[in-house]
Amino acid sequence: MPANKKKSSSGFMQKNSQLLIPLVAILILIIFNLIRDPSFFSIGMVTNNDGYPVLQGNLISIFNGASELVILAMGMTLVTAASGGQDISVGALAAIAGSALVKVLKSTEVITPWTVALGILACCAVAMLFGAFNGTIVSVFRIQPMIATLILFTCGRSIAYWINGGATPTVSSPIITAIGSFIPGCPVPTPILIVIFMGIVLGVLFKTTTLGLYVQTVGINQGAAKLNGINPVAVKLLTFVILGVCCAMAGTIGMSRLSLINHETLLLNVEMDAILAVAIGGNNLGGGKFNLVGSIMGAYAIQALTITLYAMKVPSTDVKAYKAIVIILLVVLGSPVVKEAFRKLKNQISAGRFLKEKGAA
Amino acid sequence: MTVNTKAIGQVRREKISNANLLMYISIGIFAAMYLAGILIWGGGFRKPQQIFDILNNYAYLIIIGCALTIVMITGGIDISVAGIVALVSMVDVMFLKGRLLPAEGMSDGVKVALAACIAIGIGLAFGAVQGALVAYLDIQPFIISLAGMFFARGMITIVSVEPMQLTVQEEPGILDIIQHRIEIGFLGSPNKKGVMIPARIEIGVIIAIAILFIIAVMLRKSRIGRNFYAVGGNRQSALMLGINVKRTRFTAHLFSGLLAGIAGFVFMMHNVSGNATNATAGEMDAIASSIIGGTLLSGGVGNVIGTFFGVMILATIKLIVTASGLTKPWWQTITSGAMLALFILLQSVVLANRGKKVKLPGWMKLGKG
Amino acid sequence: MEDGIVLTMRGICKNFPGVRALQNVDFTLRKGEIHALMGENGAGKSTLIKVLTGVYDKDAGEIHVDGIDGAVTIRSPQDAQDKGISTVYQEITLCPNLSVAENMYIGRQKGMRVQWKEMEKKTGKLLESLSIPARPKQQLGSCSLAVQQMVAIARAVDAECKVLILDEPTSSLDDKEVEMLFSLMRDLRSRGVGIIFVTHFLEQVYAVSDRITVLRNGELVGEYEVQNLPQVELVSKMMGKELEGLSDLDKAASANASSGEAYYEAEGLSSSEAKPFDFRIAKGEVNGFTGLLGSGRSESVRAIFAADRVTGGKVTVDGKVKNITKPIQAMKAGIGYLPEDRKRDGIIADLSVRENIILALQVMKGFFHPLNRKETEEFADEYIKALEIKTANQDTPIKSLSGGNQQKVILARWLLTHPNYLILDEPTRGIDVGTKTEIQRLVLKLAEEGMSVTFISSEIEEMLRTCSRLIVMRDRKIVGELKGKELTQSNVMYTIAGGGKENAC
């Protein structure tokens with residue numbers, strides 16, 4: 001499938017150079033892994049503990065493992081575009097949301113699908129509330145997002161700790177396990193399904209509302225947006241609330257994977273990865289135009305890199321250092337200066353090479 | 001709900017610039033908090049040693065706070081500083097334990113001096129690479145320094161997976177040097193048995209205060225210092241005014257790296273340990289201190305004296321929370337967060353009421369002369 | 001180098017991808033002269049200036065500067081400054097967060113230390129000698145725009161420049177300030193500085209310049225002495241054709257309409273920026289607010305559109321009392337507003353021409369009713385054709401269009417909402433003469449079709465040509481109203497200057 005994408009991308013690339021970086025990143029990783037170990041891409045069916053056939057393989061781990069990151073990157077893209085800054089409290093907010101969910105689940109005696117649904121609703125509500133808190137500071141008080149969200153970044157995980165009264169409670173319920181791994185009978189990991197669901201929800205939102213246009217307009221020129229009848233405060237607030245929902249979903253997945261909530265480690269440092277995904281996706285961190293697909297590809301590229309490093313037996317603690325090198329290589333390749341240099345180089349040799357290629361063909 | 005700007009004509013002529021006003025507010029709040037500490041909770045607050053303890057514990061934070069202030073004045077950000085601190089402290093501890101290079105025959109003093117050089121070297125290397133990428137390749141500083149942070153934190157476990165500690169059994173001489181404390185008798189206070197214990201200051205504090213002073217003078221009096229402000233105020237204008245913007249941004253990051261390296265050495269002297277979790281989230285504390293001290297992330301405004309008081313405020317909050325009996329582990333951070341929120345909103349309201357929106361400098365408003 | 005010549009540029013070429021910005025352009029500047037550089041938008045004025053100041057590298061050609069042997073290469077603005085070429089741009093290129101004194105000296109000090117005392121003393125002297133009303137220690141951001149501009153000039157003067165480039169320095173100054181600037185320029189001329197003066201205001205060129213160089217489409221048209229080039233000829237040289245339609249436009253319909261039924265009426269309308277005022281406009285009328293910059297003319301129309309916070313007043317639209325406190329309410333009441341500052345308040349720079357055109361209509365349709373792609377493409381096509389917007393295609397980002405075409409896009413945006421009442425604040429500022437006339441014609445055509453239009457312009461002549469009623473403001477108050485035969489340049493001037501009479505004649 002990625003090979004197909006490559007073919008069709010040459011024409012599409014001209015128009016949409018924004019997707020160049022994530023595409024190149026994913027391509028490099030694919031080629032690298034193909035050379036290193038072609039079996040990296042094998043996908044198999046195995047029977048899990050509950051006796052159901054499920055998919056397994058590195059590709060599945062990448063798609064599964066990236067779920068939280070992809071969901072957060074989508075929300076982060078909107079916030080970045082509208083307010084020209086990043087929310088660094090997403091990890092903390094996911095921990096709060098997860099704790100709220102656990103709190104609801106723990107307060108009932110029997111966990112039924114209804115209590116889970118209620119819990120997820122409650123955790124969405126809590127996350128939206130905190131999202132609105134961030135959004136209010138950013139839009140009404142005009143504080144840069146990074147600073148505004150520094151507040152929750154500082155104390156969010158402590159609030160999560162406080163919600164559960166200073167414990168890391170476990171939840172044992174087949175429903176929660178199903179959310180974190182597989183729904184009986186379905187071979188695709190549930191987090192992947194949730195990502196698809198969130199993607200569809202956002203897609204419908206973009207199709208049925210003017211959110212995309214408003215977010216970009218506000219991000220590019222707030223004053224002009226206002227004079228065209230757009231309420232920039234409301235638009236920014238909305239992006240933060242949407243990000244809140246994303247955090248709630250990410251928190252739910254993260255909690256369900258382990259069936260317990262650990263306020264300290266749940267989605268630790270995920271905010272950095274989410275921002276990185278937005279940047280690798282070719283989005284300007286200063287706001288304005290955005291490309292959601294780019295961010296999603298960026299998120300998968302990050303996860304693919306992590307899984308590749310694991311497959312190469314790099315200890316998990318060292319992964320960061322290698323990741324940093326790859327990030328730097330990517331952004332250097334994508335930097336305006338290097339791009340310009342490449343363009344000049346291409347112009348200089350294009351005539352000669354063009355002739356050569358024709359001759360070869 | 002935008003804050004009303006009152007009569008426009010009145011706010012034209014200001015004696016105190018916004019940066020200074022915000023700094024004075026934070027100094028005032030620190031004084032008020034500390035005074036409240038003395039009056040309400042007494043105890044430790046009454047002893048001068050309390051202040052020195054804060055300084056001893058947070059000397060490294062003062063230094064990386066200065067680093068962040070410099071970078072933020074130029075309109076950038078550097079979130080790699082705490083990672084560098086942790087990496088430097090690990091490398092230094094490894095070096096001092098002789099696990100990094102064969103160091104037989106060296107005297108302990110030479111070893112410590114070499115450790116300081118290693119710290120500065122690592123810091124400069126980080127600063128130079130990040131600065132070059134940010135300034136000359138025009139890549140967003142957040143991404144570059146994020147990569148820097150990942151790299152530094154990742155390198156720690158590559159250097160040593162196990163946490164490392166200097167111990168009295170193995171390295172008594174080195175500990176003697178780096179744990180040396182300056183004693184000030186007249187600022188001492190009696191302990192429980194009534195014996196006067198002199199006030200103790202670590203060497204790191206002296207280093208931190210010296211750096212604070214040097215950077216403060218540099219920002220005010222030197223050409224490069226003023227160029228930092230100009231570049232942060234309006235990068236395009238700075239270019240047109242004939243400032244070498246690229247070199248200025250590079251220098252800011254170089255300084256930031258250098259200071260982070262020194263902060264790592266100071267951190268190592270205080271904690272005598274290397275650990276992957278050292279100085280966790282220190283970059284955010286440094287950013288918070290700068291902001292509380294009146295530095296604007298949008299650039300062009302700020303100074304390190306304010307940052308110093310930012311660090312003191314953050315530390316005092318933690319003391320007050322503990323002193324007031326909120327001993328549950330989450331209260332310290334929750335109150336820190338609440339205080340940060342308070343400061344941020346205060347800044348917003350103060351700046352808005354002075355008729356100067358942070359984002360929209362006065363010269364952009366046309367036709368109101 | 002010839003005696004008395006400070007700068008020569010020969011055969012300058014500069015290409016951008018797809019555009020030949022400069023082709024073989026020559027330019028000569030003599031000692032102690034004010035040399036106007038004229039041309040329409042896209043003629044290559046700014047490119048030439050940017051080549052001269054080292055912002056762009058030239059592709060071909062030679063530059064010679066007095067006192068330097070051989071051709072010089074100018075690598076950066078700093079380099080230009082070192083070679084004696086200083087520039088003051090339209091947009092202030094100083095740092096608002098620094099003090100006035102620092103802005104004068106930053107970037108050209110030697111040594112590591114900043115000599116604050118000495119710097120402030122020297123600045124104080126210079127400001128005084130040039131009678132600029134600013135204090136050395138004052139933060140620049142707290143000075144008015146005009147003063148900031150003068151500080152920028154003072155900086156250039158202090159750098160002992162041989163060549164001073166003034167790029168549209170007067171576009172945000174009022175008449176008094178312009179006169180101050182001119183006397184400063186004459187003062188510098190007598191000191192032997194060669195001044196390159198770039199402007200759109202023809203009168204100002206004749207008021208202060210000695211020589212004119214005209215560019216068109218990146219090519220040199222010629223160099224002329226001012227006294228040998230009548231204004232009409234200059235315009236035709238800039239446009240490359242004999243100017244048509246500068247004769248009186250027909251505004252009879254609008255004049256007749258002015259006594260008719262009111263579309264919009266305000267009593268005691270006030271905002272955070274505007275003092276209470278009464279205002280009315282009839283259906284099909286074109287009227288205008290005039291007055292000096294800062295007289296409150298822009299603030300008044302902003303209050304009508306609720307662009308600033310409305311603080312009081314009773315508004316009647318089409319016979320119904322309306323509450324208009326947000327732009328969206330004004331839009332729903334059939335009012336459109338083209339803002340004064342196109343770059344800051346008008347264009348959404350990174351968005352495409354299409355998105356910029358449909359924006360206001362989309363907002364009026366509401367958050368849950370997005371226009372589909374096909375509709376938007378049709379709308380954009382229609383208006384690109386109707387207003388002859390020069391753009392590669394609909395998807396071109398608006399920022400890559402010329403100023404005049406950007407303005408047309410914003411105009412299209414409001415026309416698409418089919419407003420009954422359109423407010424145009426400085427629609428012709430900074431755009432070329434040809435487009436200016438086009439916009440004036442369009443305004444009258446719209447009025448004939450029944451639209452009410454309020455028109456604001458700094459050029460009184462333009463106001464007289466288009467408006468059938470002028471509301472004159474001074475010091476944020478309406479001081480007079482002129483219509484019919486009262487509409488003459490001298491009458492307007494008289495009322496603005498404060499003749500005291502409510503209705504002259």
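A charge counts as sitting over a ring when NZ of Lys or CZ of Arg is within 6 Å of the ring centre and within 35 degrees of the ring normal. With that in hand, here are the close-ups; keep in mind that this is a predicted model.

**Figure 1. Arginines over rings.** B:R220 reaches across to another chain: its charged end sits over the ring of C:W116, 3.7 Å from the ring centre.

Figure 2. Over all chains, a search of the whole structure turns up 22 aromatic pairs. Here we zoom in on B:F308 and B:F309, whose planes are at 85° with the ring centres 5.3 Å apart, so this pair is edge-to-face. Both of these phenylalanines are buried. They also belong to a cluster: ring pairs link B:F308 and B:F309 with B:F30, B:Y34 and B:F45.

**Figure 3. Two helices of chain C joined by rings.** C:F305 and C:W414 have ring centres 5.8 Å apart and planes at 90°, so they go down as edge-to-face. C:F305 lies in helix 10 (residues 297–305) of chain C, while C:W414 lies in helix 15 (residues 403–416) of chain C, so the pair ties together parts that are 109 residues apart in sequence. Both C:F305 and C:W414 are buried.

**Figure 4. Nonpolar cores.** The largest nonpolar core has 333 residues, and C:L164 and C:Y264 are the ones with the most contacts inside it. Helix 2 (residues 48–73) of chain B gives the most to this core, namely 15 residues. Who are the neighbours that C:L164 touches, not counting residues up to four places away in sequence? They are C:S86, C:V88, C:I153, C:A156, C:L188, C:V193, C:G194, C:I195 and C:I196. A second, separate core of 25 residues includes C:L37, C:I49, C:V65 and C:I196.

**Figure 5. Helix 1 of chain C.** This helix (residues 45–52) has 6 of its 8 residues buried, so it is largely enclosed by the rest of the structure. The buried ones are C:K45, C:T47, C:L48, C:I49, C:V51 and C:L52. One of them, C:I49, is also part of the second core of 25 residues. Just after the helix, C:G54 takes a positive phi of about 80°.

**Figure 6. Where chain A meets chain B.** On the chain A side, 43 residues are in contact with 44 residues of chain B. About 4,000 Å² is buried between chain A and chain B, with carbon and sulfur atoms giving 81% of that area. A:F141, A:R142 and A:M272 supply 14% of what chain A buries against chain B, more than any other three residues.

**Figure 7. A:I275 and its surroundings.** A:I275 lies in helix 14 (residues 270–280) of chain A. Its relative accessibility is 0%, so A:I275 counts as buried. Leaving aside neighbours within four places in sequence, A:I275 is in contact with A:M76, A:Q86, A:I88 and A:L285, plus B:F142 from chain B. A:G85 is 190 residues away from A:I275 in sequence, yet the two C-alpha atoms are 9.7 Å apart in space.

**Figure 8. The domains of chain C.** Chain C is divided into domain 1 (5–239), domain 2 (250–334 + 419–428 + 443–505) and domain 3 (335–418). Taken over C-alpha atoms, the centres of domain 1 and domain 3 of chain C are 34 Å apart.

Methods
Residues are numbered from 1 along each chain as its sequence is written. Chains are lettered from A and ligands numbered from 1 in the order in which they are written. This is a predicted model: local features need pLDDT of at least 70, side-chain atom pairs count only at pLDDT 80 or more; totals for chains, interfaces and linings use all residues. Side-chain values use heavy atoms; hydrogens and water are left out. Domain bounds come from an automatic or database domain assignment. Rings of Phe, Tyr and Trp (its six-membered ring) pair if their centres lie within 6.5 Å; planes under 30 degrees apart count as stacked, over 60 as edge-to-face and the rest as tilted. Buried means under 20% relative accessible area, exposed over 50%, partly exposed in between (1.4 Å probe, protein chains only). Helices (H or I, at least four residues) and strands (E, at least two) are DSSP runs, numbered from the N terminus. A nonpolar core is a set of buried Ala, Val, Leu, Ile, Met, Phe, Trp, Tyr and Cys residues joined through side-chain atoms within 4.5 Å. Contact means heavy atoms within 4.5 Å. Buried area is the accessible area (1.4 Å probe) that two parts lose on being put together, summed over both.
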